[in-house]
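Please read these notes with the model open beside you.

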Amino acid sequence: MADKDLSVMNSSTSVPNDHHCIHIPNESTINNNSVSNSSTDGGTGGRGVALKPPRLVSLDVFRGLTVALMVLVDQAGGIIPSINHSPWNGVTLADFVMPFFLFIVGVALALAYKKLPCRVDATKKAVLRALKLFVIGILLQGGYLHGINSLTFGVDIQKIRLLGTLQRIAIAYLLTAVCEIWLKREGVVKSGRTMFKKYKFQWIFVLVLTVTYTALLYGLHVADWEYQIPNENSSFSSNITSVKCGVRGDTGPGCNAVGMIDRKLLGIQHLYKKPTYARTKECSINSPDNGPLPPNAPSWCQAPFDPEGILSSVMAVVTCMIGLHFGHIIVHFKDHKDRIISWTNPSAGLVVVGFTLDFCGMHINKALYSLSYTCVTIGAAGLLFAAIYVMADAFSIRIPTLVFEWMGKHALVIYIFAACNVFPILLQGFYWKEPGNSFLRLIGIGQS
């Protein structure tokens, strides 16, 4: 169940007309990562024997490589700030992890929903899977589990973090799945033009999301706001800090529309307490690493900010939708050369557009999930996926990627145990005489 929840579950054979839901026996289901290089989009050619299509290896390898990258930056990011998340504007190695996950979720969805026995049933299952992933995300990232430097657990519901990595993936997965289930037309795809006609309503949805995000980010007026900093000397008092804004279209850490919407809709007490902008030069004398506040630091330096907030998740859905388009290319184009050209050209174009937007002032920013950041990271994902496809599927070079392939098949389990510190926490629960005498202490991790 690991990688299925992180991407998509099994897809099934279907009939073109959805008015009467026909339930297909379990034996006819197709693996979510499977796609046939020899079959067409129309059916099985009338034969009574169904052959299981070969698994798309590049999908697992890409997902596994993303998991490995995530573990690397999570564990080494604090030691090597240059690969850690960018404090604000700019892009680093860590900033590609989230878009890569969203991209590959979209690719897998195109394969999972290639044929549908019943749109209503498929929608219900998509909602349930998204809810399950969302709840797991709250449990892992909401503050319930203790960190490796604390032997406590539990969280005040009034202060629990509501959004996070898995929650964002759940939202993008659900909206993209619904689009793939309901917003595609009938018809055979023979060219890029006919494929656009088949999925034109999905592209309209992408355009609406992009325009809405841009309009809100640059059009909303951000008023002055305030937040509370807990007093270290007393658990019953706190200092109230005011942030002066009164601006429109600001994309700085303190007065942007992304943070304002989250504060209004989620409540500031439910946002992430350790934002990346605490490592900016304005907020840390050790920037780009964490450090003490410099003299005359801005008032927003210690304020909560969620990098997986509501408005920024709009562009995360766009990332997943474009990944869906890459999956459509797999479904409708069977020749390796056609697939690779259809991936690399738009990917390279997106990278160029992204850096051009950044040069023109629409900065690459992961925390805001800016349009330029979206273009650059999607383009990079597309180019990397094409390269992996050439090696693993076109030329069947499997040995160098076996580890990543295995990790891709168990992505959610690895994420939970490694990236969410569940495995170290479990180890820390066993100690000798005193809680501080745990295995983690012996290897230099955790309490000293």
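**Notes on the predicted model**

1. The secondary structure of the protein consists of 15 helices and 4 strands. This is a predicted model. Of its 448 residues, 47% count as buried. Among contacts between residues at least 6 apart in sequence, 71% join residues at least 24 apart.

2. Helix H7 covers residues 200-219, which is 20 residues. From its first C-alpha to its last, H7 reaches 28 Å, close to the 28 Å expected at 1.5 Å a residue.

3. Which residues of H7 are buried? They are Gln202, Val206, Leu209, Thr210, Tyr213 and Leu217. Seen down the axis of H7, these buried residues fall within an arc of 95°, so they line one face of the helix. On the other side of H7, Leu207 and Val211 are exposed.

4. The buried residues of H7 are covered by other parts of the protein, including helix H5 (165-182), H8, H9 and helix H11 (371-394).

5. Arg279 is buried but has no salt bridge. The nearest side chain of opposite charge is that of Asp289, 5.8 Å away. A salt bridge would need a distance within 4 Å.

6. What does the side chain of Arg279 have beside it? One of its polar atoms lies 2.4 Å from the backbone oxygen of His85. Leaving out residues up to four places away in sequence, Arg279 touches Asn84, His85, Ser86, Pro87, Ser284, Ser287, Pro288, Asp289 and Asn290.

Key. Residues are numbered from 1 along each chain as its sequence is written. This is a predicted model: local features need pLDDT of at least 70, side-chain atom pairs count only at pLDDT 80 or more; totals for chains, interfaces and linings use all residues. Side-chain values use heavy atoms; hydrogens and water are left out. Buried means under 20% relative accessible area, exposed over 50%, partly exposed in between (1.4 Å probe, protein chains only). Lys and Arg count as positive and Asp and Glu as negative; His and the chain ends are not counted. A polar contact is a pair of N or O atoms within 3.5 Å; within protein, one must be able to donate a hydrogen and the other to accept it, and residues adjacent in sequence count only if both atoms are side-chain atoms. Contact means heavy atoms within 4.5 Å. Helices (H or I, at least four residues) and strands (E, at least two) are DSSP runs, numbered from the N terminus. The expected span of a helix is 1.5 Å times one less than its number of residues. The arc is that of the directions from the helix axis to the C-beta atoms.
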